[in-house]
Amino acid sequence: MKPDPQRALQSYRDHADGYDASCRRTQPLRIDAVKALRLQHGDTVLDVASGTGMSFALIQDRIGPTGHLIAVELCPEMMSHARNKVESAGWKNVTLIESTIEEASLIHSIDAILCFYTHDVMRSEAGLNKIFEHAKPQARIAVAGLKLFPWWLAPLNIYARAKARPYATTLEGLDQPWSLLAKHIPKLDLSSTQFGMGYLASGRYPG
Ligand SMILES: C[S@@+](CC[C@H](N)C(=O)[O-])C[C@H]1O[C@@H](n2cnc3c(N)ncnc32)[C@H](O)[C@@H]1O
C-alpha cells in the first residue's frame, strides 16, 4: 500500500496537540540524527515533514542566524505548533511551507536534509525525487525512525507494527525503510537503535 497524504492529514489533525509529549522518548535519537548532519553556521537545512518543529532548536543551535531552516509539513495543526515555536524563539531565518513534500515549492539549494520519523515520505518516490531536485551535490542527509526487528525476532514485530501504525499510513517497507533512499544515496551509513526497532541512516548526496 502506498502512503496516503489525505489520511496522514486526518490522523495528525488529531495527534497535533499531544504530539510533543508523545515523542519525548525519541529525543536521544533526534539529537543523534541532527549531529549526523554535521551542520555548520550558514547552512540551509530542509526539515522534511517537520511536524510540530521538535527538531528546530537543535538545528538552529548549529546553523545560527546566518543559516536558513526550511520546514515542509502537510498538516496545518502540526504546523501551527511549529509556528508558535518559531515565534516564541524569535527566529527570523525559518521558512514554513504548509504542503506535502511532493507538491512543495522549494526554491533554495539545500545543504542538509533531516527526515525524522517520516516513514510515509521514505516510501514516496515522488517525495524523495522532490527532495533531491533541490539538494546540492554533497548535501548531507539523516533519516531516523522505526523499523521492523530482524527476522529472528519476528514475533516482536507485532509490537513494532503497532508502534508504527499511528504515525504512518503505510507499513510497506518497514523492514528496510531506507531502501528507496538508497537509490539517491548509494553510500548510506546505517545503525540500528532502540534494540533493533529503530534506525539511523545518513550519508551524502553525490549529485
Ligand atoms: C511522526 S511525525 C514526525 C514529525 C517530525 N518530523 C518530528 O521530528 O517530530 C510525521 C509527520 O509527517 C507529516 N507528513 C506525512 N506525509 C507527509 C508528506 N507527504 N509531506 C509532508 N509531510 C508529511 C505528518 O503530517 C506528520 O506531521
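Q: Which atom of the ligand lies 2.9 Å from an N or O atom in the side chain of E102?
A: A nitrogen atom of the ligand does, in this predicted model.

Q: And what about I101, which part of that residue is involved?
A: For I101, a polar backbone atom is 2.9 Å from a ligand nitrogen atom.

Q: What is the distance for F116?
A: A polar backbone atom of F116 is 2.8 Å from a nitrogen atom of the ligand.

Q: How much of the ligand's accessible area does the protein cover?
A: On its own the ligand has 600 Å² of accessible area, and the protein covers 98% of that.

Q: Which residues around the ligand come nearest?
A: The ligand has 19 residues around it, and those that come nearest are Y19, R30, A49, E73 and F116.

Q: How does that shell divide by class?
A: The shell around the ligand contains eleven nonpolar residues, four polar ones and four charged ones.

Q: Changing topic, how many aromatic pairs are there?
A: The count is five aromatic pairs. One of them joins W151 and W152 in an edge-to-face arrangement, with 5.7 Å centre to centre and 90 degrees between the planes.

Q: Are W151 and W152 buried or exposed?
A: W151 and W152 are both exposed.

Technical notes. Residues numbered from 1 in each chain as written. Predicted model: local features only at pLDDT ≥ 70, side-chain atom pairs only at ≥ 80, totals over all residues. Heavy atoms only, no water. Near = heavy atom within 4 Å. Polar contact = N/O pair within 3.5 Å; in protein donor to acceptor, adjacent residues only side chain to side chain. Areas by Shrake-Rupley, 256 points an atom, 1.4 Å probe, with all protein chains shown as cover. Nonpolar A, V, L, I, M, F, W, Y, C, P; charged D, E, K, R; others polar. Phe/Tyr/Trp six-rings, centres within 6.5 Å; stacked < 30°, edge-to-face > 60°. Buried < 20%, exposed > 50% of the residue type's maximum accessible area, 1.4 Å probe, protein only.
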